[in-house]
Amino acid sequence: MKAPVSWIREYVDLPGDVTTEILTDRLTALGLKLEGIHAAGADIQGPLVIGRVLTRDPEPQKNGKVINWCTVDVGAANGSGEPQGIVCGAHNFEPGDLVVVVLPGGVLPGGFAISERKTYGHLSAGMICSAAELGLSDDHDGIIVLPADAGAPGDDAFDLLGLGEEVIEFEINPDRAYALSLRGVAREAALGFGLPFTDPAERVVPEVDGKAYPVLIEDPAGCPVFTTRVVTGFDPAAASPDFIKRRLEQYGMRSISLAVDVSNYVMVELGQPTHCYDRDKLAGPIRARRAQAAEKITTLDDVVRELTVDDLVIADDNGPIGIAGVMGGADTEISDTTTAIVIEAAHFDPTTVFRAQKRHKLPSEASKRFERGVDPLLPAAAADRVVELLVEYGGATAEPGFTLVGTAPERPTIQVATDLPARLSGIDISAMTTVEHLRAIGAVVTEHGVDTIEVTGPSWRPDINEPYDLVEEVVRIVGYDQVPSVLPRRATGRGLTRTQRLRRQVGRALAGAGCVEVVSFPFVGEATFDKLGLPADDPLRSTVALANPISSEEPGYTTTLLPGLLDAAGRNIGRGSSSVALFETGTVAFPSDNGPAPIYGVHAGPSEAELEKLLEALPVQPQHLAVVLAGERTRSGWWGAGVEAGWSDALAVVRRLADEIGVSVEVSAAARMPWHPGRCALITIDEVEIGHAGELHPSVCKAFGLPARSAALEVDLDALMAAAPDVTPGPKFSTMPVAKEDVALVVEETVTVAEVEAALRAGAGELLESVRLFDVYTGEQIGAGHKSLAFALRFRAPDRTLTEAETSAARTAAVAAAGERTGAVQR
Amino acid sequence: MSGPNTDFDPVEVAAVSPAELEAARDAALAAIAAAPDLEALKAVRSEHAGDRSPLALANREIGALPPQARKEAGQRIGQARGAVNQALAARQAVLEVENEARILVEEAVDVTLPTDRDPVGARHPLTTGAELIADIFVAMGWEVAEGPVIEAEWLNFDALNLGPDHPARTMQDTFWTAPADNHLVLRTHTSPVQARTMLARGVTDEAPIYVVCPGRVFRTDEYDATHSPMFHQVEGLAIDKDISMAHLKGTLDHFAAQMFGDGITTRFRPSYFPFTEPSAEVDLICFVCRGVDSDACRTCRGEGWIEWGGCGIVNPRVLQACGIDSSKYSGFAFGMGIDRTLMFRHGLEDLRTLFEGDVRFTTAFGSEL
Ligand SMILES: [Zn+2]
């Protein structure tokens with residue numbers, strides 16, 4: 001909302017020392033947030049004067065352009081009183097017209113200094129200005145031609161053009177629709193400074209006699225009030241007066257024609273949208289009704305729109321002539337031959353207008369106001385004001401008769417405790433202050449018992465319906481800056497949850513392991529999964545789909561963190577990193593088939609069963625963790641060669657994380673994209689899958705621009721953390737001497753270390769403290785298809801030093817078990 | 001008594017002359033003093049104190065001397081050998097110290113050599129930022145509540161007094177899941193966590209609600225330096241007996257001071273949110289210029305204040321929808337952008353740096369803001 005300060009001052013007599021800054025500070029404190037103060041042409045320096053064009057000689061140029069060599073009477077403004085010679089490129093004027101001239105020495109917006117200069121073979125002394133050149137509008141269509149009575153040549157043009165006039169731009173919240181008008185803004189200014197307010201809507205209007213254009217309201221819920229007035233003898237060629245053009249321009253609207261401008265002007269002035277119909281194009285009474293299915297209308301923007309039965313339309317005998325509160329129809333539009341005008345000023349249901357505007361994607365200045373709520377008592381005054389302006393500037397005659405059908409919806413009466421504002425704000429606000437401030441906003445307040453008042457909000461405040469609404473009104477007038485700063489008495493929280501603590505620990509452990517955290521967008525599409533090489537039937541391809549994705553290429557919410565993570569890794573490589581280790585934790589989503597999420601009422605909380613049904617309808621959304629390791633895991637340097645990241649590094653990260661939070665995970669071979677089929681591990685906890693780790697498939701490395709043999713992992717972090725013990729039991733260990741035994745076992749290539757290790761553990765019995773593989777050897781000595789695994793075994797008893805015989809027996813048993821279960825032969 | 005000497009015939013042996021003995025001793029002492037290092041000293045030891053050294057030979061001959069000469073000769077030789085051994089030990093000690101010092105000098109390294117064998121990790125500032133905020137509130141006795149990002153429409157909108165036709169619903173450009181009649185959205189704010197908390201816990205006099213909810217939210221914004229379809233919010237909710245705007249102000253002032261430094265306070269401006277009434281925008285006094293000579297301040301762009309978020313008294317309609325008795329309890333709620341907060345707290349110029357995953361950005365923060 002843009003409001004010229006001078007217009008505000010018409011309705012509230014602000015003292016001279018109330019500067020625009022003081023005014024905007026006060027209005028911001030009341031809830032009309034300042035967006036900016038504009039002052040078009042404020043940087044123009046004179047002389048800028050009225051001139052009368054004396055002669056205009058068109059002179060064709062070699063480049064095909066025609067310029068006009070003009071002489072202009074600028075009175076005494078040029079010091080000599082002689083006509084001023086000026087070259088002008090525009091053609092929209094004639095000798096005798098009054099124009100705006102900037103003389104040499106003047107400066108136009110942007111520091112454009114005007115001086116005498118030779119051009120097109122003339123000495124041009126000044127410039128005839130367009131509105132665009134003065135920074136008044138974007139209108140480059142020729143120069144400004146002033147009305148004949150604008151003034152005399154040589155008169156100063158600054159005030160005439162409203163140059164430098166301050167216009168305040170506000171951000172208006174949806175609950176303050178009344179402030180989408182000068183009436184509303186000025187009312188707030190009066191409230192802010194405790195000054196009387198002159199209501200521009202307070203006018204004497206004719207008696208309702210139903211004798212203006214006939215109206216039938218067939219849908220009183222959608223259209224509670226409809227008024228018409230009629231003017232005749234209108235001059236369709238009449239120009240809008242300057243003040244209307246200027247103020248519309250300041251508001252941000254273009255001048256179109258007098259009738260349209262007047263309608264817009266009254267809307268900005270009072271907040272009530274109105275509409276003008278060409279009476280001669282109307283057939284039969286105007287009806288406010290719902291549209292019939294498939295009914296059509298051509299709206300003012302020349303678009304044919306198909307209506308639905310939910311649309312409220314204004315119609316005559318020939319069909320719809322407007323979508324109520326949204327936009328009028330082209331068929332009954334004012335044209336350059338219109339002389340008789342029917343003026344509509346009506347009140348429409350906000351929701352109906354909102355839905356229509358959404359349905360037809362047709363937000364307008366009118367719908368913006370109606371959908372937020374317009375004062376239902378305004379139509380009479382607004383229609384009268386339109387009539388007044390059409391009569392005054394359009395040479396029209398007001399026809400007698402005023403039709404007003406329907407009744408304005410009543411404001412509810414609210415009972416409120418007088419101390420509620422004080423209790424909810426924490427400010428010491430007396431009952432008297434409460435009553436006083438509520439009356440100041442225009443509410444009707446009556447005492448009701450000792451500590452309660454009955455309040456009816458003013459007609460222009462449809463947002464005031466409940467006690468808390470009244471509290472905001474009182475507190476904003478008292479001042480939000482009066483709210484004291486007090487900490488609440490008692491919060492007795494239980495600290496972070498175990499899961500929250502574990503999640504932090506996981507992040508710290510990964511950073512400690514040299515991984516850098518990233519945050520990626522979760523949007524994916526088929527191409528994303530193709531890049532990961534997922535087979536066509538991979539369950540990960542089944543995503544929660546978005547109805548309105550940012551990109552149609554990525555219409556799903558991701559089921560895996562790897563795409564974002566690998567993209568980030570590729571980006572780092574592309575930007576010159578040779579090695580990168582990244583991790584991400586985030587939500588992935590898997591569709592659920594439990595039907596749509598229910599929509600419940602809002603007057604009481606849903607029951608437990610209802611809530612459960614709602615929660616079940618949501619997709620399953622676990623937190624995942626993914627890591628990518630690309631390039632060197634340990635760097636090479638003066639100390640020697642580094643170590644390239646590989647499949648084992650990914651597994652090392654998984655195991656380290658599990659250790660960090662006290663979980664034991666199992667690892668087994670798996671083949672799953674996007675991993676290398678021979679270098680992929682399935683991670684399980686108690687045989688339940690939680691994720692995969694290993695070397696990425698070569699095609700995936702290539703697709704994401706990663707070095708060969710980059711490794712990655714992805715696990716269900718929720719599942720990992722869920723396996724963490726609530727309380728970690730303290731370990732028990734012996735301090736007796738250790739007995740160490742190494743064994744080298746030859747097994748077939750296909751036997752896994754885990755199998756051999758498990759067999760050794762089983763065979764060694766209770767005395768075994770630990771087993772660690774320390775070497776793997778393949779070669780001629782072992783024989784093709786075989787490998788030698790060297791294990792270090794540590795034995796220890798809880799209560800005594802082991803004898804050589806005991807250790808040896810345990811070792812023998814371990815080897816025997818390995819032999820039995822895995823075919824291992826001691827080397 | 002020494003045993004019989006089989007090598008020498010005592011009759012033919014004469015006592016070593018004192019002069020010869022002195023000469024041998026002096027020669028030994030001179031050699032010891034001249035030994036430049038432990039290696040040389042070892043040779044000196046062998047030559048002048050070893051089995052074949054003159055003093056050792058002389059000592060060996062004592063047994064062959066006539067008994068009357070033995071004592072005197074033994075004394076002289078013993079003294080000479082003692083002097084030599086003493087000198088050897090002393091020199092050994094000196095040379096050992098010298099040697100150690102030399103080794104330490106020789107082992108000196110260039111300590112400016114790089115040591116970056118292991119990659120350096122870091123946590124994302126959005127994570128550590130959310131934790132910092134959570135910790136401030138946990139320290140006040142609040143709890144941290146969470147909820148899913150794909151949320152039921154009812155929880156994201158209806159329960160928060162954003163009915164299907166509420167104009168404010170258009171203020172938030174929502175990602176809907178397909179088909180739209182599934183009534184699921186990517187949550188547009190963290191406020192549904194408020195509703196979830198109230199519905200899950202209820203409120204009693206003994207167990208009021210004080211929760212803070214950091215999390216990821218989505219709106220269909222264009223992606224540019226200051227907008228992103230995905231960003232992060234932190235939401236606060238307190239429901240208790242006699243909660244007022246003063247408690248809200250007190251809490252946010254405390255939050256601001258912890259986050260931006262002592263003396264940083266907030267101010268309220270009337271505003272509108274469907275879920276609060278009265279509602280306020282909350283501004284933060286600029287923590288760089290503190291509102292003094294703000295004109296040149298790049299952080300607040302000359303305003304002296306920074307827009308921080310929205311807040312207000314929880315609308316009784318929200319309490320009602322979430323099963324809380326609004327006649328018995330009142331509450332306040334607030335919400336601010338974590339990304340935005342980090343942007344001005346750390347002087348970030350482009351929001352997109354948060355989501356690009358460039359390690360140079362993240363490692364600059366380490367693992368603590
Ligand atoms: Zn500042």
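Modeller: Pro278(B) lies in strand E7 of chain B. Helices (H or I, at least four residues) and strands (E, at least two) are DSSP runs, numbered from the N terminus. This is a predicted model, in which local features need pLDDT of at least 70 and side-chain atom pairs count only at pLDDT 80 or more, while totals for chains, interfaces and linings use all residues. Residues are numbered from 1 along each chain as its sequence is written, chains are lettered from A and ligands numbered from 1 in the order in which they are written, and side-chain values use heavy atoms, leaving out hydrogens and water.

Colleague: Is the peptide bond from Glu277(B) to Pro278(B) cis or trans?

Modeller: Cis, with omega near -5°. Another cis bond joins Ala178(B) to Pro179(B), with omega about -10°. Pro179(B) belongs to the loop between helix H7 (167-171) and strand E3 (184-186) of chain B.

Colleague: Which atoms coordinate the zinc ion?

Modeller: Donors are N, O and S atoms within 2.8 Å of the metal (3.2 Å for Na, K and Ca); water is not among the atoms, so sites may look incomplete. Here the SG atoms of Cys286(B), Cys289(B), Cys297(B) and Cys300(B) coordinate the zinc ion at 2.2 to 2.3 Å. Their spacing along the chain is C-x2-C-x7-C-x2-C. Cys286(B) and Cys297(B) both lie in the loop between strand E7 (276-285) and strand E8 (305-314) of chain B, so the pair ties together parts that are eleven residues apart in sequence.

Colleague: What is the geometry of the zinc site?

Modeller: Four donors count as tetrahedral if all angles lie between 85 and 135 degrees. The angles among the four donor atoms are 105 to 115°, and the site is tetrahedral.

Colleague: Are Cys286(B) and Cys297(B) buried or exposed?

Modeller: Buried means under 20% relative accessible area, exposed over 50%, and partly exposed in between (1.4 Å probe, protein chains only). Both Cys286(B) and Cys297(B) are buried.

Colleague: How do I read helix H4 of chain B, and which of its residues are buried?

Modeller: An α-helix has 3.6 residues a turn, so residues three or four places apart point the same way. In H4(B) the buried residues are Ala73(B), Arg76(B), Ile77(B), Ala80(B), Val84(B), Leu88(B), Arg91(B) and Leu95(B). They pack against helix H1 (18-34), helix H2 (38-49) and helix H3 (54-61) of chain B, where contact means heavy atoms within 4.5 Å.

Colleague: How many residues does each chain give to the contact between chain B and chain A?

Modeller: Chain B gives 109 residues and chain A 99. Buried area is the accessible area (1.4 Å probe) that two parts lose on being put together, summed over both. For these chains it is about 8,400 Å², 59% of it on carbon and sulfur atoms. The rule finds ten salt bridges across this interface. Among them, Glu466(A) meets Arg317(B) at 2.4 Å between the closest N and O atoms.

Conventions: Four donors count as tetrahedral if all angles lie between 85 and 135 degrees; four count as square planar and six as octahedral if opposite donors are over 155 degrees apart and all others between 65 and 115; anything else is irregular. A salt bridge is a side-chain nitrogen of Lys or Arg within 4 Å of a carboxyl oxygen of Asp or Glu.
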